[in-house]
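Okay, thanks for coming, everyone.

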Amino acid sequence: MSPLRSPLGRAIVVAAMVICLLPSLRAGPASSAYQDTVAPLLTDVPAGSAAIMLTAHPSRIWPMDEQAGLVWPSRYYSFWMFYAVARHEHDQGPLQSQVEVMADKVRANTVEDLLCNSPEIILVDDFSHSETPGLDILAFFRQNEMFARLFAAYGETKKSGDFTAYRRQGDLPSRLSGGCRTVY
């Protein structure tokens, strides 16, 4: 007889399933330590709008963007590579070789993404509570002339903790001539 046909076998399987599910049930739905700081910045952004955070830490925006029903317009969910660029500049001075190529590609890809799926709001992390406080991710992106033009269409609207919100207030530069990625 199969062990699952006996009452004891079924009880063992149910107990094993409950034991496996207990950590998830105890933790509850996804949350972030930044929930109370970031969520207020997103409250008046209409669901379905694009929103992005310039940060190296995805937990600083997720799951608040999902909970607000916002669309992430970038192919990068966070800009973790910003740390490598900043470390290289700190240790070796101006960017060289492959690090510079990577930084330029990240900037160009981000501009393309933001022109194709223009965010209603851009949140900027000031990195004051990171392992390397004082980094300026906005300065990193502004090294790309098109990003600087695009960002000029946004104005600072709110601050909350480590984050500053910029809302679209002007006309954006013309979109690129090529096709755009579809975001969901």
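**Salt bridges, core and surface**

Let's begin with charge: Asp44, Glu120, Lys158, Arg167 and Arg168 are joined up in a network of salt bridges. By salt bridge I mean a side-chain nitrogen of Lys or Arg within 4 Å of a carboxyl oxygen of Asp or Glu.

Quick housekeeping before I go on. This is a predicted model, where local features need pLDDT of at least 70 and side-chain atom pairs count only at pLDDT 80 or more, while totals for chains, interfaces and linings use all residues. Residues are numbered from 1 along each chain as its sequence is written, and side-chain values use heavy atoms, with hydrogens and water left out.

Now the overall layout. The protein has 7 helices and 4 strands, taken as DSSP runs numbered from the N terminus (helices are H or I, at least four residues; strands are E, at least two). Going along the sequence, the order is α-α-β-α-α-α-β-α-α-β-β. Of the 184 residues, 43% are buried. Buried here is under 20% relative accessible area, exposed is over 50%, and partly exposed is in between, with a 1.4 Å probe and protein chains only.

Back to the charges. Searching the whole structure turns up 8 salt bridges. One of them pairs Lys158 with Asp44, with 3.8 Å between the closest N and O atoms. Lys158 sits in strand β3 (residues 154–160) and Asp44 in the loop between α2 (35–42) and β1 (51–54), so this pair ties together parts 114 residues apart in sequence. Both ends are partly exposed: Lys158 is at 32% and Asp44 at 45%.

Next, Arg167 and Glu120, which form a salt bridge with the closest N and O atoms 3.1 Å apart. Arg167 is in strand β4 (residues 163–168) and Glu120 is in the loop between α5 (97–116) and β2, so here the parts tied together are 47 residues apart in sequence. Arg167 is buried, at 13% relative accessibility.

What about Asp125 and Arg60: how far is it from N to O in their salt bridge? That one comes out at 2.5 Å. Asp125 is in strand β2 (residues 121–125) and Arg60 in the loop between β1 and α3 (64–67), 65 residues apart, and the pair links distant parts of the chain. Asp125 is buried at 1%, and Arg60 is buried at 3%.

On to the greasy part. The largest nonpolar core has 44 residues, and Val38, Leu54, Phe79 and Leu123 touch the most other members. A core here is a set of buried Ala, Val, Leu, Ile, Met, Phe, Trp, Tyr and Cys residues joined through side-chain atoms within 4.5 Å. Take Phe79: beyond four places away in sequence, its contacts include Ile52, Leu54, Val106, Ile137 and Phe141, where contact means heavy atoms within 4.5 Å.

Last stop, the outside. Val14, Val18, Ile19 and Leu22 make a nonpolar surface patch with about 370 Å² of accessible area together. Patch residues have over 30% relative accessible area and no salt bridge; like charges are joined within 9 Å, and nonpolar side chains (Val, Leu, Ile, Met, Phe, Trp, Tyr) within 5 Å. The areas come from the Shrake-Rupley method with a 1.4 Å probe, and for residues only the protein chains shown count as cover. Leu22 belongs to helix α1 (residues 7–27) and is partly exposed, at 46%.
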